[in-house]
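Biologist: Please take one part of this model and give me a close, connected account of it. Kindly state the cut-offs behind each term as you use it.

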Amino acid sequence: MAELTATLTEVVLIDGERAGVLDLNPALWPAAGQYLPAQRSGTGAGALPVHLFRIGKTITQLTVGPLPAGWFPGDRLALLRPHGKGFELPFSARRIGLCALDAPPGRLLPLTGPALAQDAAVTLFCDPQPSPDILRQLPSAVEVAPLAGLSADLGWPDYLAVDLPRESLPRLVEILGDEKLPFAGQVLVRTAMPCRGLGECGVCAVETRGGLRLACVDGPVFPLQEVVHVAG
Ligand code: FES
C-alpha cells in the first residue's frame, strides 16, 4: 500500500500511549485530526494498517500515535498520504475549547499553537486532569478545567474541538445538553477503519443528521452540530 516511506526515529510514552517521531517531509504531515494509514515495512500484504494521528504540540517534528507495541526506533514504515478531514479552526474564534472525552488529550494539542497564534483564549476540558506528560506539552497560556466546567458555562466557547471514541457520542450529549448550541465546533470521532479509507466496509459508520457517514472518508472530524444531537 506504500505511497510514502519514513523511519521511526524515536518512541515516546505520552499519557500512557506509545507515540513515535517520524522523519517525514513536513509537506506530507497530517493536519490535526487527519490520519496516516501505516504499516511496518515487511509486514504481510494482508495485514491491516494502523491509523496514526498527530499528537502533541511540537511543530518542529512530527509525533504520531498510537503506535503498536511491536514498533521500535529504526523501523521503516510504509504510509499513505494524510487521509480524511481534519480540524479547521475558525479564524474569528476568540474563545476556543478543547474537549477530550474518554480519551487522552494528545490529539488536540496540535491545535494549541494555531489557536494561541490567533490570540484566542484556550481551555482544555478533560477528566481526569492531564498527566504530567501532557502538562509538560501544554503552553502555559492554556487553561485546564474539568468537563463539568464546560457543562456549567456553555456560553464561554465560540468554538469547541472534541476528541472521543464513537461509543462516547451519547456522553457528549450529556455534557452539552440537548438545547441548540450557541457555538460552532468539530468532533474527531475515532473508530476502527479496517479498509483504510476506501469506504468499502462500512465498519466506521457514524450516525449524523444527514444519515450514516463514513469516518474514514467523510470524517474522522465531523461538524459538531451534525453529530451531537443525533447521538442523544
Ligand atoms: S473503514 Fe471501511 S468504510 Fe470506512
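**A helix on a sheet, and the loops around it**

Modeller: Helix α4 (residues 169–176) lies across β10 and β11 (184–190), and runs at about 145° to β10. Helices here are DSSP runs of H or I with at least four residues, strands are runs of E with at least two, and both are numbered from the N terminus. Contact means heavy atoms within 4.5 Å. Angles run from 0 to 180 degrees between N-to-C directions, with axes as lines fitted to C-alpha atoms, for helices over the stretch in contact.

The model is predicted, so that local features need pLDDT of at least 70 and side-chain atom pairs count only at pLDDT 80 or more, while totals for chains, interfaces and linings use all residues. Residues are numbered from 1 along each chain as its sequence is written, and side-chain values use heavy atoms, with hydrogens and water left out.

Strands β10 and β11 belong to an open sheet of 6 strands with mixed pairing, in the order β9-β8-β7-β10-β11-β14. Its edge strands, β9 (143–145) and β14 (221–223), each pair on one side only. On average, neighbouring strands of this sheet are turned by 20° against each other, direction ignored. Two strands count as paired if DSSP finds at least two bridges between them.

Within the sheet, β10 (residues 159–165) runs parallel to β7 (residues 95–100), and 5 bridges join these two strands. Ala100 stands opposite Asp163 in β10.

Asp119 is exposed, with a relative accessible area of 65%. Buried stands for under 20% relative accessible area, exposed for over 50% and partly exposed for values in between, with a 1.4 Å probe and protein chains only.

A further positive phi occurs at Asp15, near 55°, again in a residue other than glycine. Asp15 is placed in the loop between β1 (4–14) and β2 (17–22), and is partly exposed at a relative accessible area of 25%.
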